[in-house]
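Try each task before you read its solution.

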Amino acid sequence: MDLISIVLWPLKWAVELLLVGWHWLLSTAGLDPAAGLTWVLSIVGLVLVVRAALIPIFVKQIKNQRRMLEVAPQLKKIQEKYKGKKDQFSREAMSRETMELYKKTGTNPLSSCLPLLLQMPIFFALFSVLNDAQHGKSGVGPLNETLAKQFGDASLFGVAPLHSSFASQWTLMIAGQPFDAAVMVIAAIMVVLMTASQFITQLQIVSKNMSPETKASPMFKQQRIMLYLLPLVFAFSGVAFPLGVMFYWLTSNVWTMAQQFLVIRNMPTPGSEAAKAREERLARKGKLIATDGTVIVVDEEAAKPSQRQQPISKNRAKKQAKPGEKK
């Protein structure tokens, strides 16, 4: 067993426990244990549990990113102070002042990336277990050979095997061999949904949750590139995913999209359009607190614009005038 297998072993065991647990629960509830729908719902349940468990890590990541944004102006001053100075003394001094700033404010540039790095082995273990199980390969824990074979043989609605992919059926069709059109249709729909959900998630961040300073930085250009690049990655790589793995990715994408919406709405980046919209909502409800402790309230009647009078012609004005009224 190599190092990666040793690291992933406990994660894969936990993933199998959740997958088998959901399958047992759904089978006990009356669903057919061998049906593809039962296994698909088990995958959905597995993703929901894992993503819910990762919420504290996600919140910690958001807080770390906020602290980094708060110290960004001070960090920029240090960089401008030593701009163009490439001697060793200046570089050491800049590094020392930067570290002192991080220590003073309790920030760490790696801390905002660490939660994301911690999630990667979990997602890799999820993908590995689902991919192996769809080919009838038993796992390292509760997913025994019988359950793995049952998973590998399962078909969605009895017409689309979960281990099949769009690419495999496309290859058969090009070679003139019998192929499963139902797999290609379902896979194509799921690729579209995966791509759309990924695009909407990135669009929410770029359009509403970035401060003016961030939009003026080179990082914003990278975010704009990722806005279009990531959906393309899903579109091209998704055709090679087996259906069972695609259900995992789609469920995870939908969770991310909903979670991102709630975070942007309730914990927006300071100075962003989302933050201004949240302040307006709180002010209308009388829940916006100023820095001096006073409550800021918006008078909706005063803020409401007056109704615009539509211009009318002279003939129409005469018709609307009351009889006997002098014009």
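**Exercise 1.** Decide whether Lys81 is buried, partly exposed or exposed.

Solution. Start with the classes: buried is under 20% relative accessible area, exposed is over 50%, and partly exposed lies in between (1.4 Å probe, protein chains only). Lys81 has 46% relative accessibility, so Lys81 counts as partly exposed.

Before going on, note that this is a predicted model, where local features need pLDDT of at least 70, side-chain atom pairs count only at pLDDT 80 or more, and totals for chains, interfaces and linings use all residues. Residues are numbered from 1 along each chain as its sequence is written, and side-chain values use heavy atoms, with hydrogens and water left out.

**Exercise 2.** Find the salt bridges in the whole structure.

Solution. Look for a side-chain nitrogen of Lys or Arg within 4 Å of a carboxyl oxygen of Asp or Glu. The search gives two salt bridges.

- One joins the side chains of Lys81 and Glu97, at 3.1 Å from N to O. This pair links distant parts of the chain, 16 residues apart: Lys81 belongs to helix H3 (residues 55-81) and Glu97 to helix H4 (residues 88-105). Helices here are DSSP runs (H or I, at least four residues), numbered from the N terminus. Glu97 has a relative accessible area of 22%, so Glu97 is partly exposed.
- Lys149 also pairs with Asp153, with their closest N and O atoms 2.9 Å apart. These two sit four residues apart in helix H6 (residues 145-153), so about one helical turn separates them. An α-helix has 3.6 residues a turn, so residues three or four places apart point the same way.

**Exercise 3.** Which side chain of opposite charge is nearest to Glu16, and what does the side chain of Glu16 reach?

Solution. First place Glu16, which lies in helix H1 (residues 3-28). Finally, look at the backbone: the side chain of Glu16 comes to 2.8 Å from the backbone nitrogen of Val140.

Conventions:
A polar contact is a pair of N or O atoms within 3.5 Å; within protein, one must be able to donate a hydrogen and the other to accept it, and residues adjacent in sequence count only if both atoms are side-chain atoms.
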